[in-house]
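Here are my notes on the model you sent. Please read them with the structure open.

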Amino acid sequence: MRRLIVFSVLLLMVWSCASPSKKEIAENFMVKRGTNLLAKGGRQLEKGCFKEAATNFTLAYQDFQASDHLPGMAQALNNLAVSLLGLEDLEKAELFASRALVINRALGDSTGQAANLSVLGKVHLSRGEDEDALRLWQEALDKAHKGSAEMRSKILNDLSVALIYAEKIEEARTHLNKALALNPDSAAVHQNLGKVAELSGHLSTAEKYYLKALSLDRKEGYTPGITADLTVLGKLYLKMDRKPEAAETLARALGLRILLNQKDKADAIREDLRHAGLDAEASTHEVGEGEIPPACR
C-alpha cells in the first residue's frame, strides 16, 4: 500500500513536470485570449458601446469554442445576447441566450443558468410577453441563490419591471426594496423605485429616486442609463406641470438619444415636447460633457 501511494505521488509529479503539447499550448493561449476579449467587451458594454462589445464577445466565443472551453462559451454567448438586446435584435439575443442556457444546464452551473434566464426574461418583456418574462425571472431567482448579492439584486430588479408592466405595483415595490438592500448603489433599482412611486401618485418621492439614479449613472459614466434617467425625469416634470424643467431635461435626453443614434426614442421625446407645447430647440441647456457617450472602439 505504501509503495502504491508513493508511486501515485511520483506519477503526479511526472505529469506536473511534463512539457505541454503544442495543442495544449495553443488551447491555453486561446482561452487566455478569449478571457481578455470577454473583459474588453464587458468594459464596452458598461459604456453602452453595444456593437463593439458584440464584436469582442463573438471573437471570445470563437476562441473558447476552438478550445472546447464550455464555461467560456456559455459566458461569451450570454454576454453577446446582452449586447444584442442593447442593439434591439431580440431574435438573435434569444438564440444566443438559449444556447448558453443549454451549455450551463449540461454543466450544472445554476448561477450561469440564472444569468441566461434573466436575459431571456428581458427578451420576452421587450416583446410584451409579460407572463413569460415573469416565469423566467422567477426561475432565474430560484437558480441565483448561490450568486452574488449584485446578481440577485439585478434579477429582483428585472422581475420588478415585469411586475410593474403587469400592474402589480406593491409586489414590485417589495422586490425592489429587497434589491436595494442587496445593492444600494444600483441606478436601475432607484429608477424603478421612482417609477413605482410615480405610479402610486407620490411624484415628489419619484423625483428623488430619479435624481439619485441619474447621479449614480453619471458616477459610472453609463450614458444609456443617463439618457433613460433624463427621459423619465423630464416626463415626470411634465406630469408635475413644471414645464421649464421638463423642457430643459427632455432637451438633454433628446440630445443624447440623437448621439446614441436612437431615432425612434428621439422621435418619441419630440412628440412629448410637442404635445406639451414645448420647443426642444429653445432649451439653453446643452448636453453636458459628462453625458456625452464615450468613443466606442
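1. The protein has 14 helices and 0 strands. Its pattern along the sequence is α-α-α-α-α-α-α-α-α-α-α-α-α-α. Helices (H or I, at least four residues) and strands (E, at least two) are DSSP runs, numbered from the N terminus.

2. A word on the source. This is a predicted model, in which local features need pLDDT of at least 70 and side-chain atom pairs count only at pLDDT 80 or more, while totals for chains, interfaces and linings use all residues. Residues are numbered from 1 along each chain as its sequence is written, and side-chain values use heavy atoms, with hydrogens and water left out.

3. Burial and surface. Of the 297 residues, 42% count as buried (under 20% relative accessible area; exposed is over 50%, partly exposed in between; 1.4 Å probe, protein chains only). The accessible surface comes to about 16,300 Å². Carbon and sulfur atoms hold 54% of that surface. Areas come from the Shrake-Rupley method with a 1.4 Å probe.

4. Contacts along the chain. Take contacts (heavy atoms within 4.5 Å) between residues at least 6 apart in sequence: 55% join residues at least 24 apart.

5. Helix α3 (residues 50–66) against helix α4 (residues 70–86). The axes come within 8 Å and cross at roughly 160 degrees. Axes are lines fitted to C-alpha atoms, for helices over the stretch in contact, and angles run from 0 to 180 degrees between N-to-C directions. α3 and α4 are therefore roughly antiparallel (over 145 degrees; under 35 is roughly parallel, 65 to 115 roughly perpendicular, the rest oblique). The crossing of α3 over α4 is left-handed (near helix turned anticlockwise from the far one by less than a right angle; clockwise is right-handed). α3 contributes F50, A53, A54, F57, T58, A60, Y61, F64 and Q65, and α4 contributes G72, M73, A76, L77, N79, L80, S83 and G86. The contact divides into 11 nonpolar, 6 polar and no charged residues (nonpolar: Ala, Val, Leu, Ile, Met, Phe, Trp, Tyr, Cys and Pro; charged: Asp, Glu, Lys and Arg; polar: the others, Gly among them).

6. Helix α8 (residues 149–165) against helix α10 (residues 187–199). The packing angle is about 25 degrees, with the axes 10 Å apart. α8 and α10 are therefore roughly parallel. Their crossing is left-handed. S153, N157, V161 and I164 of α8 meet A188, V189, N192, K195, V196 and L199 of α10. These residues divide into 6 nonpolar, 3 polar and 1 charged.

7. E245. This residue sits in helix α13 (residues 243–259). At 34% relative accessibility, E245 counts as partly exposed. L233 is 12 residues away along the chain, with 9.4 Å between the C-alpha atoms of E245 and L233.
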